[in-house]
Amino acid sequence: MSARRRLLVANWKMTRTPSAAAVLARTLASIPRSGEVELAIAPSFPALDRVGAALAGTGVALAAQDVYVEKEGAFTGEVSAAMLKDAGVTLVLVGHSERRLLRGEREPDFTRKIERLVEQGLAPVYCVGETRAERDAGRTAEVLRKQLAALDGFSVPPPGLTLAYEPVWAIGTGLPATPAMAVDVHARLRAEIAARFGPGVASSTRILYGGSVSPASAPGLFAEEEVDGGLVGNASLVAKDVAALLAAAAAPTPGAARS
Ligand code: PGA
């Protein structure tokens, strides 16, 4: 029996102005949820305040899409972990493939970002995943190991650490990984966490799947015990899709009771 509560994180990326984000947040927060599933919303930085106000008292968590590597100072345009904390954020994405590909961020950056989050008591959602070329070349396991090296400097696990397996080829393409692919990678990631922090930490660490999670793909993915929820882009902007994802995440996993 898994003790891991399922989690859906809505990654709104660079969409929605603060006023539009507040309206959508209110709508999503009003969708009935089973207590078994947590929901978090990651709007753009300027929308955090309005979305945070919209989510107050709803039980939906406020998340951020990124954080800067430094604590404070002359870093024009950047946002610190302390600012996020003060804005009411509890979860922060680190290492999203769009930051890796478009901004050239690498594992040493992610280590520093996670350190900043730990200092503020914020939970990191560390995203990993291979490209299509890497998968086709049989390099998936090697790539994921290298990405997890961002956690090498931690002698104890970052509190609240969640992993998100997001194959780059599945993001925004409408072509999700199959449940079998996700299970295979999640099991490898869990083994890597066990090797670093021990089996107890591995069995309590949530591993989300991300990449074209939709009402069509979610039931199969969330039927798997290994899949602890989703990091969702496009579908997280559509209330009826979010309702379907929440229902799929709450549905009992065949052969494995969840608590
Ligand atoms: P998608 O994006 O659900 O639109 O594929 C997921 C993500 O990038 O986190």
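These legends walk through several views of one predicted protein model.

Local features need pLDDT of at least 70 and side-chain atom pairs count only at pLDDT 80 or more, while totals for chains, interfaces and linings use all residues. Residues are numbered from 1 along each chain as its sequence is written, and side-chain values use heavy atoms, leaving out hydrogens and water.

View 1. Helices (H or I, at least four residues) and strands (E, at least two) are DSSP runs, numbered from the N terminus. The C-alpha trace spans about 40 × 40 × 35 Å along its principal axes.

**View 2. The 8 strands close into a barrel.** Their order is β1-β2-β3-β4-β5-β6-β7-β8, with parallel pairing; two strands pair if DSSP finds at least two bridges between them. Look at β6 (residues 162-165) and β7 (residues 206-210), which pair over 4 bridges. Here leucine 163 has isoleucine 207 of β7 as its bridge partner.

**View 3. The largest nonpolar core holds 66 residues.** Such a core is a set of buried Ala, Val, Leu, Ile, Met, Phe, Trp, Tyr and Cys residues joined through side-chain atoms within 4.5 Å; buried means under 20% relative accessible area (1.4 Å probe, protein chains only). Trp12 and Tyr126 have the most contacts inside this core. Its largest share, 6 residues, comes from helix α11 (residues 239-250). A second, separate core of 13 residues includes Leu7, Leu93, Val125 and Leu208.

**View 4. Meet the neighbours of tryptophan 12.** Not counting residues up to four places away in sequence, tryptophan 12 touches several residues, among them Leu24, Leu28, Ile41, Pro43 and Leu237. Contact means heavy atoms within 4.5 Å.

Key:
Buried < 20%, exposed > 50% of the residue type's maximum accessible area, 1.4 Å probe, protein only.
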